[in-house]
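This note is meant for a colleague who is opening the structure for the first time. Please keep the sequence and the model side by side while reading the points.

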Amino acid sequence: MNTNNNNKNQDNAASSLIVDFPSNDVMDRIKRVSFALTSNGKYITRPTAEEIHLVWYSEEDYHRFKRNMYQDAAVLSVQLNSSSRSHEIAIEDIVGLDHMISIERYNAHKLSVKKHSGRVLVEQARQQLLSRHSIEDLARVSKSSSFKSQERAQQIGLLLAS
């Protein structure tokens, strides 16, 4: 009788395990994974300095691009602020440089970028606190935060298209 009780206790203990291990017949049906003893790979020869120079921009190129951008913005700023303009400035001349034409526009642009970044970072922090990460929510916050910029880009696009 005591043996029966011990068997029943063992059966109860086995059925109340925290982890339910699969039976041996289930384990036999599970596919096994194996890996190759050696790996295959392709070696790529490193491009020469001349090849890299032909394909990629150098640091000097980036500095030249920036200098040209600032010079173009300065010229446009003088032209826009001069009282006697000899010709109209085309919209395509100032697209992308408009925030650099005046101190007020530059400051407004920097503030706008700072606010947008702040809103996105606040949303990321909120999601981190909730342990719930949603790319859709982050995209929604970013899109709503940059709505004025999107609208402005669309208007410029329409002006350039006409």
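This is a predicted model: local features need pLDDT of at least 70, side-chain atom pairs count only at pLDDT 80 or more; totals for chains, interfaces and linings use all residues.

1. The protein has 8 helices and 0 strands, and when it is read along the sequence the pattern is α-α-α-α-α-α-α-α.

2. How much of the protein is buried? Of the 162 residues in the protein, 13% are buried, where buried stands for a relative accessible area under 20%. The accessible surface of the protein comes to about 14,800 Å², and carbon and sulfur atoms account for 56% of that surface. Among the contacts in the protein with a separation of 6 or more, 40% are made by residues 24 or more positions apart.

3. The largest pocket has a volume of about 550 Å³, and 18 residues line it, with Ala108, His109, Ser112, Lys148 and Ser149 lying nearest its centre. By class, the lining of this pocket consists of 4 nonpolar, 8 polar and 6 charged residues.

4. Which helix gives the most to the lining of the largest pocket? Helix 6 (103–130), helix 7 and helix 8 (147–161) each supply at least two residues of that lining, and helix 6 gives the most, with 9 residues.

5. Serine 131 has a positive phi of about 55° although it is not a glycine. Is serine 131 buried or exposed? Serine 131 counts as exposed because its relative accessibility is 61%, and the cut-off for exposed is over 50%.

6. Aspartate 137 is found in helix 7, which covers residues 135–145. With a relative accessibility of 15%, aspartate 137 counts as buried. Leaving aside residues up to four places away in sequence, aspartate 137 touches Glu123, Arg126, Gln127 and Arg132. With one of these residues, arginine 132, the side chain of aspartate 137 also makes a polar contact of 2.9 Å.

7. Aspartate 61 lies in helix 4, which covers residues 59–81, and aspartate 61 counts as buried because its relative accessibility is 13%. Which side chain is joined to that of aspartate 61 by a polar contact of 3.0 Å? The partner is arginine 64, whose side chain meets that of aspartate 61 at this distance.

8. Helix 7 also holds serine 144, which is exposed, with a relative accessible area of 53%. A polar atom of the serine 144 side chain lies 3.1 Å from the backbone oxygen of valine 141. How far apart in space are serine 144 and histidine 116? Although 28 residues separate serine 144 from histidine 116 in sequence, the distance between them in space is 9.3 Å, taken from C-alpha to C-alpha.

Note on methods. Residues are numbered from 1 along each chain as its sequence is written. Side-chain values use heavy atoms; hydrogens and water are left out. Helices (H or I, at least four residues) and strands (E, at least two) are DSSP runs, numbered from the N terminus. Buried means under 20% relative accessible area, exposed over 50%, partly exposed in between (1.4 Å probe, protein chains only). A polar contact is a pair of N or O atoms within 3.5 Å; within protein, one must be able to donate a hydrogen and the other to accept it, and residues adjacent in sequence count only if both atoms are side-chain atoms. Contact means heavy atoms within 4.5 Å. On a 1 Å grid over the protein atoms alone, a cavity is a set of points where a 1.4 Å probe fits but cannot get out, and a pocket is an open set with protein on both sides within 12 Å along at least five of seven lines; lining residues have an atom within 4 Å of a point. Grid points are joined across faces, edges and corners, and a volume is the space filled by probe spheres set on the points. Ala, Val, Leu, Ile, Met, Phe, Trp, Tyr, Cys and Pro count as nonpolar, Asp, Glu, Lys and Arg as charged, and the others, Gly among them, as polar. Accessible areas come from the Shrake-Rupley method with a 1.4 Å probe; for residues, only the protein chains shown count as cover.
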